[in-house]
Amino acid sequence: MNKVLITGARGMVGAALVRAFGPAAVGLGREDLDIADAQGLERLCGLHRPRAVVNAAGVNRGPALEIMDINARLPGKMAEVCARLGVGYVFLSSSRVFGRPGPGPWLESDAPQPVDDYGRSKFEGERLVRGAMSDRGCCVLRLPMVLGAPRRPQNQILTRLIEQARGGRPVRVAMDVMHSPLEVNDAARVIRSLVDRGASGTFHLASSDRASLYEIFSYATQRLGIAAKIIPVEAAWFGKDKALLNLSLASRVLEPCGDWRRAVERFAEDLQEEDR
Ligand SMILES: NC(=O)c1ccc[n+]([C@@H]2O[C@H](COP(=O)([O-])OP(=O)(O)OC[C@H]3O[C@@H](n4cnc5c(N)ncnc54)[C@H](OP(=O)(O)O)[C@@H]3O)[C@@H](O)[C@H]2O)c1
């Protein structure tokens with residue numbers, strides 16, 4: 001019962017989890033296990049006898065029904081398998097279960113109120129996995145913006161903006177959208193420590209302080225040596241209403257994972273490493 005199965009292991013967070021768990025990790029890319037394959041999961045649990053399954057598979061774009069399926073319905077089915085087999089289950093949720101404006105970072109005790117398809121899918125996923133596991137051996141981890149070299153640069157706001165800036169175009173960035181970013185390897189280490197101590201419940205992972213997307217992007221371009229023309233705007237400039245303004249998290253239970261600037265510095269190092 002020493003192993004930990006990690007699904008979505010070729011993704012950014014999944015790959016960091018495989019590194020963090022080291023020899024205990026059984027990393028499963030989509031080619032090893034499509035999370036729609038409940039029998040496959042059961043078979044792999046029989047083979048490896050894991051203490052936990054950490055599901056790092058997910059999507060943040062696409063048709064609403066597909067997002068709901070992959071981020072909610074299928075994780076719920078996986079949790080049913082885990083509950084039946086007595087294996088722990090970790091669901092990676094998101095700060096986007098929130099999004100409304102708020103005076104400070106969201107705590108575990110705050111009531112989610114998702115405002116987009118992705119946020120709704122994560123909130124529904126939380127409900128389904130908790131229901132399947134009856135809260136025993138079930139960890140719901142809400143992640144803020146996670147920084148690292150992404151599997152697909154188009155899927156991550158910061159790398160999308162960096163590509164724009166590298167193209168020499170001026171970049172408009174929201175100064176009123178708040179985040180509490182984490183570097184991906186730091187996030188993976190915290191997830192590992194929670195799994196290792198058999199934690200159950202809902203936890204927020206976050207940096208020690210929050211920053212606007214404008215501050216985060218400005219600092220990233222500075223660290224990357226990109227001479228970008230950055231124009232601070234309000235999120236409303238993009239034609240959105242007051243949705244998705246506050247995506248920052250804090251925890252009443254877990255220690256913060258360090259300063260957001262340090263996360264950006266390590267992110268810049270990761271990107272530079274990839275470029276070499
Ligand atoms: N990155 C963030 O800032 C952030 C923040 C909050 C929460 N999260 C959550 O953390 C998890 C990991 O995120 P990430 O940034 O690592 O995303 P990612 O790099 O896009 O990785 C997601 C992985 O899931 C895989 N996948 C999708 N559908 C699958 C399926 N049906 N069966 C098996 N694998 C499937 C993808 O495989 P393919 O590449 O083959 O499509 C991909 O490798 C997601 O649930 C995400 O919602 C991430």
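The model is predicted, so local features need pLDDT of at least 70, side-chain atom pairs count only at pLDDT 80 or more, and totals for chains, interfaces and linings use all residues. Residues are numbered from 1 along each chain as its sequence is written.

Let's start with the helices. Two packed helices are described by the angle between their axes and the distance between the axes. Here, helix α5 (residues 157–166) and helix α7 (residues 213–224) have axes that come within 11 Å and cross at roughly 55°. That makes α5 oblique to α7. Helices are DSSP runs of H or I with at least four residues, strands are runs of E with at least two, and both are numbered from the N terminus. Axes are lines fitted to C-alpha atoms, for helices over the stretch in contact, with angles from 0 to 180 degrees between N-to-C directions. Under 35 degrees counts as roughly parallel, over 145 as roughly antiparallel, 65 to 115 as roughly perpendicular, and the rest as oblique.

Which residues make the contact? On α5 they are L158, L161, I162 and A165, and on α7 they are I216, F217, A220, T221 and L224. Contact means C-beta atoms, placed from the backbone, within 7 Å.

Now the ligand. It is surrounded by 25 residues, the closest being G8, G11, V13, A57 and G58; the cut-off is a C-beta atom, placed from the backbone, within 6 Å. α1 (12–21) gives the most to this shell, with 3 residues.

Methods:
Contact = placed C-beta atoms within 7 Å.
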